[in-house]
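Please look over the structure shown here. The briefing that follows takes up its features topic by topic.

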Amino acid sequence: MGSSVNGVGVGGRATPSNGVGGVDKGVDFANYFCTYGFLYHQKEMLCDRVRMDAYYNSIFQNKEHFHGKTVLDVGTGSGILAIWSAQAGAKKVYAVEATKMSEHARELVKANNLQDVVEVIEGSMEDITLPEKVDVIISEWMGYFLLRESMFDSVICARDRWLKPTGMMYPSHARMWVAPIRSGLGDQKMSDYESCMDDWYNFAKETKTYYGVDMSVLTKPFGEEQKKYYLQTSIWNNLHPHQVIGVPCIIKEMDCLTATVSEIRDVQAAFSSSITTDLTRLCGFAGWFDVHFRGSKENPARHEIELTTAPSEENGTHWGQQVFLLQPSLRVRKGDDLIVSFSMSRSKENHRLMEVELGCEIREASGVHHPRFTKRFSIE
């Protein structure tokens, strides 16, 4: 994803307001923004061809949405979207960036002779003031499983403060998906957890033998800590489509023009998915997202573009999928139905991370119902 914008400082001709972002800015910057201040991280995103092609095509195949328009790029990062917007004919582009990456973006804009059109502003979207309303807001705000990192909050802030009533969002819509999967990752993670605990037991024994200190009182909290890390934290993975063993289901749809922070703070869904693969193991669930560039109802895109992070044999992305592993895995067969409940909310310790609860009941095609189970995960 692009750099977020809840940072500090301001540059260019825009001026800071007296508003605040509602979070501890110092902690927020230290824990999050510093990552996006490095070129190596920007390069990772710039090398993601699925990401780059989607934004490039959405702009240049719909130039009429940008020609002669005023554009705001929220979390500009390296400045690539702002540069493309200007190349597509925008008369003015405000490129807002929280981190010192703004200095690189400013140099890149100048090197491409667009400094008279693109104004790079170092500062928080919540704190800066623009001299005018804009026709288009463009941003690459998506985190893992769409909402991790909570950057869309800043986009909503930008929209509510600076987008004209007739304006449009790029992207305009987003969806979150969940599907049952098979994977060997569960056995691997369980093996890693057991190895870690074996190492602890050896450590505790040696500490008692050689140093006379009994560490056993810490065994339970250490085990809980490692269990959360190995068995209760979602895993980043680029899955093969063959690993999806049931019908993918949409758990959330968003219109970026009308979505609110309260709407995305807690995501709740109930759905059913049928197993589509012959006798196999249900090893967990995978979550991914797609976004669409449709323009607006009044001014639809001439060429609608989709960016998807679904499992793909050849077109993997840096977002990949978030994998929620079950332990142990469960035997299922074609025709079985999974009745699933899903909830995702922000972590109380860090609002950029997510907590997920998955509940599932298996109803076999033969009519046998299995007891419902529930498992909690962190997206970190």
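Val213 counts as partly exposed because its relative accessibility is 41%; partly exposed lies between buried, under 20% relative accessible area, and exposed, over 50%, with a 1.4 Å probe and protein chains only. The model is predicted, so local features need pLDDT of at least 70 and side-chain atom pairs count only at pLDDT 80 or more, while totals for chains, interfaces and linings use all residues. Residues are numbered from 1 along each chain as its sequence is written, and side-chain values use heavy atoms, with hydrogens and water left out.

**Surface patches**

- Val213 lies in the loop between helix 7 and helix 8 (219-231); helices are DSSP runs of H or I with at least four residues, strands are runs of E with at least two, and both are numbered from the N terminus.
- Together with Tyr210 and Tyr211, Val213 forms a nonpolar patch on the surface, with about 410 Å² of accessible area in total.
- Patches are made of residues with over 30% relative accessible area and no salt bridge, where like charges are joined within 9 Å and nonpolar side chains (Val, Leu, Ile, Met, Phe, Trp, Tyr) within 5 Å.
- Accessible areas come from the Shrake-Rupley method with a 1.4 Å probe, and for residues only the protein chains shown count as cover.
- A salt bridge is a side-chain nitrogen of Lys or Arg within 4 Å of a carboxyl oxygen of Asp or Glu.
- A patch of negative charge on the surface gathers Glu194, Asp198, Asp199 and Glu206.
- Glu194 is in helix 7 (residues 185-211) and counts as partly exposed at 45% relative accessibility.

**Annotated region**

- An unreviewed UniProt entry carries the annotation "domain: Protein arginine N-methyltransferase" for residues 191-361; such annotations may be inferred rather than shown by experiment, feature names are shortened, and positions are given in the numbering used here.
- Across residues 191-361, the chain is 23% helix and 43% strand, and the end C-alpha atoms are 26 Å apart.

**An enclosed helix**

- Helix 4 (residues 80-87) is largely enclosed by the rest of the structure, because 7 of its 8 residues are buried.
- The buried residues of helix 4 are Ile80, Leu81, Ala82, Ile83, Trp84, Ser85 and Ala86.

**Backbone features**

- Tyr170 and Pro171 are joined by a cis peptide bond with omega of about 0°, and Pro171 lies in the loop between strand 7 (163-170) and strand 8 (173-181).
- A cis peptide bond also runs from Gln327 to Pro328, with omega near 5°; Pro328 is in strand 14 (residues 321-332).
- Phe145 is not a glycine, yet has a positive phi of about 50°.
- Phe145 lies in the loop between strand 6 (134-138) and helix 6 (152-162), and is buried with a relative accessible area of 3%.
- Leu146, found in the loop between strand 6 and helix 6, has a positive phi near 75° and counts as buried at 2% relative accessibility.

**A contact across the sequence**

- Gln321 is in strand 14 and is buried, with a relative accessible area of 0%.
- From Gln321 to Ser234 the separation is 87 residues in sequence and 9.5 Å in space, C-alpha to C-alpha.

Technical notes
Lys and Arg count as positive and Asp and Glu as negative; His and the chain ends are not counted. The place of a charge is taken as NZ of Lys, CZ of Arg, CG of Asp or CD of Glu.
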